Amino acid sequence: MSEDVVTLRSALAKLPAYTPGKPASAPPGVTAYKISSNENPFPPLPSVLDAVQAAAGEMNRYPDMGVTELTATLAARLDVPPDRLAFGPGSVGVLGQLIAATCDAGDEVVFAWRSFEAYPILVTLAGAVPVQVPLGPGDRHDLEAMADAITERTRLVLVCTPNNPTGTTVTDAELELFLERVPRDVVVVIDEAYLEFVTAPDAPDAVAVHRSRPNVVVLRTFSKAYGLAGLRVGYAVAHEPVALALRQAAIPFGVNSLAQVAAVASLTASDELKVRVKELVAERERVLAALAEQGWELSDSQANFVWFGLGEDTAAFAAACQDAGLTVRPYGTDGARATIAEREANDRLIEVAGSFLAARRA
């Protein structure tokens, strides 16, 4: 009797694997730091933690599927109609909803590469075709080439700014020129997971851009600057037809009760959070300046991480960091990403990078 074989989708064979940041490890007597996942190093704000602890007593109840309080709070904060907001388990969850709502089998999704590694996974899993456009000089989006890559099968274009893992942003002028070339029936996603860390004066105001363009969707998250990575809550700002489609494509109760409570409490405590973000930005600038003084030529990161475009030396650099108790995030033979973390971790990164560069030049 032959053994039955379960039939699975052929798309799984093409699916690239998502590689999470490895747990921190270090030699004996050395403090280990995980700087591979772009986590906020600060603990939850006391007011946010209190709100979550109070809400935990009702975890036997289903969440509010309409995300009512968070919708109202965020709509007021962003000055957008509540019907233009849609939520999900992290911005990556919302993006999955959007791909499901816009793409049939064989449709195309255009994005830069290297960019957020979940993009090709989500696209392929939906049966759509990922169209990867190489980054241009300075590890920045080549928006002209991305516009050239749009075909009659294109349904989505993803613009990650600041780009993960390179940290670079598109400018407002570049984005406007690009949007003029994109057909009005193609959805353009401006993925702003790291928005709060941006200080570049020429960066776009994505919500303002969205107001005048029905095909523009803005993605944001509470995982990074707000420090709610473990609770998974993200959102989209989109015109009503697209926002409705996002809600239709969402899994029921996708945003849990504690996540909603924490997000509302975080918005209430936004002044305190801005102080933390300012400290992380100052640390980023300090680290970038120190690395530049050593001789590194790095992209201008506007996020909470720095990118080392190391090519074939990527694995060796990641190993040198690991030997020093720092877990960074290598990307094949493209480079390595290191999160701005506690000051001691940042100092150690500067030290390891300096030694590595000196050995590389020897």
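Q: Which ring face does Arg337 lie over?
A: Arg337 lies over the face of Phe305, 5.7 Å from the ring centre. A charge counts as sitting over a ring when NZ of Lys or CZ of Arg is within 6 Å of the ring centre and within 35 degrees of the ring normal.

Q: Before we go on, what kind of model is this, and what cut-offs apply?
A: It's a predicted model: local features need pLDDT of at least 70, side-chain atom pairs count only at pLDDT 80 or more, and totals for chains, interfaces and linings use all residues. Residues are numbered from 1 along each chain as its sequence is written, and side-chain values use heavy atoms, with hydrogens and water left out.

Q: OK. Which ring does the charged end of Arg329 sit over?
A: That of Tyr331, with 4.2 Å to the ring centre.

Q: How many aromatic pairs turn up in the whole structure?
A: The search finds 13. Rings of Phe, Tyr and Trp (its six-membered ring) pair if their centres lie within 6.5 Å; planes under 30 degrees apart are stacked, over 60 edge-to-face, and the rest tilted.
A: One of them is Phe87 with Tyr235, whose ring centres are 6.1 Å apart with the planes at 45°, so that pair is tilted.

Q: Where do Phe87 and Tyr235 sit in the chain?
A: Phe87 is in strand β2 and Tyr235 in strand β8, 148 residues apart, so the pair links distant parts of the chain. Helices (H or I, at least four residues) and strands (E, at least two) are DSSP runs, numbered from the N terminus.

Q: Are those two buried or exposed?
A: Phe87 is buried at 10% relative accessible area, and Tyr235 is buried too, at 6%. Buried means under 20% relative accessible area, exposed over 50%, and partly exposed in between (1.4 Å probe, protein chains only).

Q: Back to Phe305: how is the aromatic pair of Tyr194 and Phe305 arranged?
A: Edge-to-face, at 5.1 Å centre to centre and 85° between the planes.

Q: Which residues do ring pairs link into a cluster?
A: Phe87, Phe222, Tyr226 and Tyr235.

Q: New topic. What does UniProt list for Lys224?
A: The unreviewed entry gives "modified residue: N6-(pyridoxal phosphate)lysine" at Lys224. UniProt positions are in the numbering used here, feature names are shortened, and annotations may be inferred rather than shown by experiment.

Q: Where is Lys224, and what does it touch?
A: Lys224 is in the loop between β7 (216-221) and β8 (234-237), and it's buried at 15% relative accessible area. Not counting residues up to four places away in sequence, Lys224 touches Ser37, Asn38, Asn40, Ala193, Tyr194 and Phe197. A contact means heavy atoms within 4.5 Å.

Q: Now the backbone. Which residues does a cis peptide bond join?
A: Thr161 and Pro162 are joined by one, with omega about 0°. Pro162 is in the loop between β5 (154-160) and α6 (172-181). The bond from Trp113 to Arg114 is also cis, with omega near 20°, and Arg114 lies in the loop between β3 (108-113) and α4 (118-125).

Q: What's phi for Val67 and Asp79?
A: Positive, in residues other than glycine: near 50° for Val67 and near 60° for Asp79. Val67 is in the loop between α1 (46-55) and α2 (68-78) and is buried at 7% relative accessibility. Asp79 is in the loop between α2 and β2 (85-88) and is exposed at 59%.
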